[in-house]
Amino acid sequence: MAVRIAYFKVHFPILYYAAYFTVRASDFDLQAMINGSQTIRARLQEINSKGLDASPKEKSLLTVLEIALEMSERGIRMQKVDLYKSKATEFVIEGNTLIPPFNAVPGLGTNVALQIVRARENGEFLSKEDLQQRGKVSRTIIDYLDSLGCLEGMPDANQLSLF
């Protein structure tokens, strides 16, 4: 099995990273992973400087960030979560980039991720309010997605102002 994993890591790296993040990783720092190697290095240094005081979540994030740094150094980038391309639980390969799934967003569980995917099959989201209602997404998650830039250009409410 180790030989198979090594073969894919060397010859088909994008497939390896997509599979690794989908299957093995549970904690993500999407902000750092999207911004590239400098931000990942800073986050790694921040966690390492805590030493034994680092929380268990930060310790598990350490391995994921190391793999993300390796991926970034090999020229493979991480995109932000895409409302219409992201899957519920699997990383999507697009060219030489990976699109994270909805459940990679902190605080967004698998059930809500599946609900968003089902809701988008019924048509595009008209506004953040529409995403919140049809996707059963909390306001905190909407704010987080907005801070990542995933909801760029999307109005806040369904109601249009004429004045």
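In what order do the three strands of the open sheet come? I read E1-E3-E2, with mixed pairing; strands pair if DSSP finds at least two bridges between them. The edge strands, pairing on one side only, are E1 (77–78) and E2 (92–94).

Ground rules, for my own record: this is a predicted model, where local features need pLDDT of at least 70, side-chain atom pairs count only at pLDDT 80 or more, and totals for chains, interfaces and linings use all residues. Residues are numbered from 1 along each chain as its sequence is written, and side-chain values use heavy atoms, with hydrogens and water left out.

Next I checked E2 against E3 (residues 97–99): they run antiparallel over three bridges. Ile93 faces Leu98 of E3.

H2 lies across E1, E2 and E3, at about 25 degrees to E3 (axes are lines fitted to C-alpha atoms, for helices over the stretch in contact, meaning heavy atoms within 4.5 Å; angles run from 0 to 180 degrees between N-to-C directions).

Last entry, the lining of the largest pocket. H1 (2–11) and H2 (13–23) each supply at least two residues to that lining. H2 gives the largest share, five residues.

Technical notes. Helices (H or I, at least four residues) and strands (E, at least two) are DSSP runs, numbered from the N terminus.
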